[in-house]
Amino acid sequence: EGKKIQSSWVVQSASRLELFVRLEQALIEIMYDNTESNVEAAPNDFTLILSDAMTLCESGDRHATLVKRILTKAGEGQHENNTMGNSQNGDTPLTEQEKGQLEQFWNSAEVALTGNSSKGAFVSLIKVVVFWDAKNCPWLNEATMKLHSMLRSDSLSDDAMVKQLLGYCKNNDNRHASLVKKMVTKSTDNEYENIKGTNQSSNEYRMKAAKKKTKKKKTLPERYHSIIKSLQESSTEDSTIPSWTVLMDARPTVNGEAKYLALPCPPKWVDSPHDLQCLRSKLCDAINGSNSKFGDGMSFEKFISFDSEFRSENGSTELATIQLSVLEDGVPLAWVVDLHPNPADTAYSTMTCDILRWLFLESDAHLLGFAHIHDIRMISSYIGEDIPISSPRLWDLQYLAAHKLWEVEGDESSIMASLPGLKSCCSYFLEAGDRINEQKDEKNVYNDWKSWELSKKEQCSNWARRPLTANQLEYAGLDAAVLLILFAQLY
């Protein structure tokens with residue numbers, strides 16, 4: 001106020017305070033376990049802080065009144081997506097203060113990238129996303145080009161950094177992390193390399209990308225059609241084909257109207273050489289002894305589903321566990337394998353690498369994952385050998401589920417362009433199964449399938465701690481086992 005300037009400085013101050021609040025909320029989400037006591041309470045905590053601060057402004061003093069206005073506007077921004085200082089069409093330029101704040105975030109990101117601190121880079125990119133997400137204007141392509149330029153600098157090993165950044169994005173399932181993932185993924189696109197050093201604007205790039213998109217539709221990979229045909233030709237009366245009800249038989253967790261799917265028996269925790277030997281024996285039995293056949297002699301119970309969880313430490317992302325599941329008489333069995341024993345055990349780790357190398361590179365197992373490209377890259381890094389993404393024994397259930405959705409919904413291009421997540425796939429096919437039950441007039445305790453869902457509460461929990469909690473083990477084992485059930489219900 002002492003500057004005597006003719007500008008909406010109260011609004012600008014409120015906008016900056018609101019940005020601080022958004023940043024704190026976003027950082028709490030990525031710094032702490034995604035538990036009810038932390039993240040879910042964070043927005044209310046900040047609202048209370050702003051409210052309490054306003055009560056201190058009741059003195060009637062002019063300065064206190066102005067502070068109250070700032071607090072009030074910042075609080076309103078929390079609920080109205082903060083369009084303060086921006087026109088409706090997003091054409092109002094950034095203020096000098098905003099430019100400086102944004103530049104500070106980018107400088108922090110560059111310092112972290114140069115110093116190979118993937119966690120620092122991730123936090124800085126979260127701040128960039130939070131900043132722009134509050135603005136009513138297009139920004140993603142321009143920000144992606146800036147990140148692309150940083151990752152392509154000679155001093156950076158961008159492949160390793162990209163893997164680590166994507167690992168952080170996977171471990172933080174929220175809107176801001178999703179936008180960072182989109183930035184990082186697009187920044188590795190060769191199209192950005194082509195326009196680097198030219199005067200081509202982000203709008204021109206967008207137009208070229210849109211044209212390219214219309215020319216090349218993303219469709220189901222050709223090799224998947226054979227497995228779909230085999231599935232469609234299989235006998236629907238096969239008693240070993242599992243049903244959703246196998247995950248409804250035990251310990252359902254009820255949350256209001258929702259009921260969470262659960263394993264029929266707890267997953268086995270593998271953390272010793274003896275456990276690994278038992279696991280390998282069980283996997284061999286599943287591969288060699290299966291007897292449920294369909295199309296081309298392919299055995300349904302020959303499929304082994306897999307998933308993994310990650311841990312972050314000292315700026316890098318590493319595998320924490322790998323989960324495996326097989327079917328035995330239509331019932332899924334699951335194992336959660338410790339990939340970071342504490343204390344470290346060289347003999348155990350060597351044996352783990354040998355089993356994973358055998359399973360992914362040498363065995364006859366058909367391996368079933370879900371959006372598993374990042375998992376495969378991390379497993380390849382762990383065992384020290386590349387696992388071909390295009391291996392004829394490696395199947396991505398996300399593609400198969402998307403194809404089935406296309407058959408039902410009739411719009412292949414839109415579904416394949418935006419592939420569904422695992423939780424939404426389960427919900428969709430549970431509801432579809434519920435409709436089939438109604439048509440068959442099958443009235444039983446499990447008839448209301450649409451009220452069941454796959455819980456993701458433990459997704460962002462601390463996978464580095466040992467021992468894992470019972471809820472973490474259940475979540476990890478179920479994420480692998482549910483793939484086999486979903487797979488069986490598609491066709």
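Colleague: Which residue in strand 10 is the bridge partner of Leu368?

Modeller: Trp395 is the bridge partner of Leu368. Strand 9 (residues 366–369) and strand 10 pair in the parallel sense, over three bridges. Strands pair if DSSP finds at least two bridges between them. Strands are DSSP runs (E, at least two residues) and helices are too (H or I, at least four), numbered from the N terminus.

Colleague: How were the values made?

Modeller: This is a predicted model: local features need pLDDT of at least 70, side-chain atom pairs count only at pLDDT 80 or more, and totals for chains, interfaces and linings use all residues. Residues are numbered from 1 along each chain, and side-chain values use heavy atoms, without hydrogens and water.

Colleague: In what order do the six strands of the open sheet run?

Modeller: The order is 3-8-7-6-9-10, with mixed pairing.

Colleague: Why is one side of strand 3 and of strand 10 left without a neighbour in the sheet?

Modeller: Strand 3 (268–270) and strand 10 (394–396) stand at the edges, so each has a single partner strand.

Colleague: New topic. How do helix 12 and helix 13 cross?

Modeller: Helix 12 (residues 273–288) and helix 13 (residues 346–362) cross at roughly 10 degrees, and their axes come within 10 Å. Axes are lines fitted to C-alpha atoms over the stretch in contact, and angles run from 0 to 180 degrees between N-to-C directions. That makes helix 12 roughly parallel to helix 13 (angles under 35 degrees count as such).

Colleague: Which residues of helix 13 make the contact?

Modeller: Tyr348, Met351, Thr352, Ile355, Trp358 and Leu359. Contact means heavy atoms within 4.5 Å.

Colleague: And how much of the chain is buried?

Modeller: Of its 491 residues, 48% count as buried (under 20% relative accessible area, 1.4 Å probe, protein chains only).

Note on methods. Buried < 20%, exposed > 50% of the residue type's maximum accessible area, 1.4 Å probe, protein only. Parallel < 35°, antiparallel > 145°, perpendicular 65-115°, else oblique.
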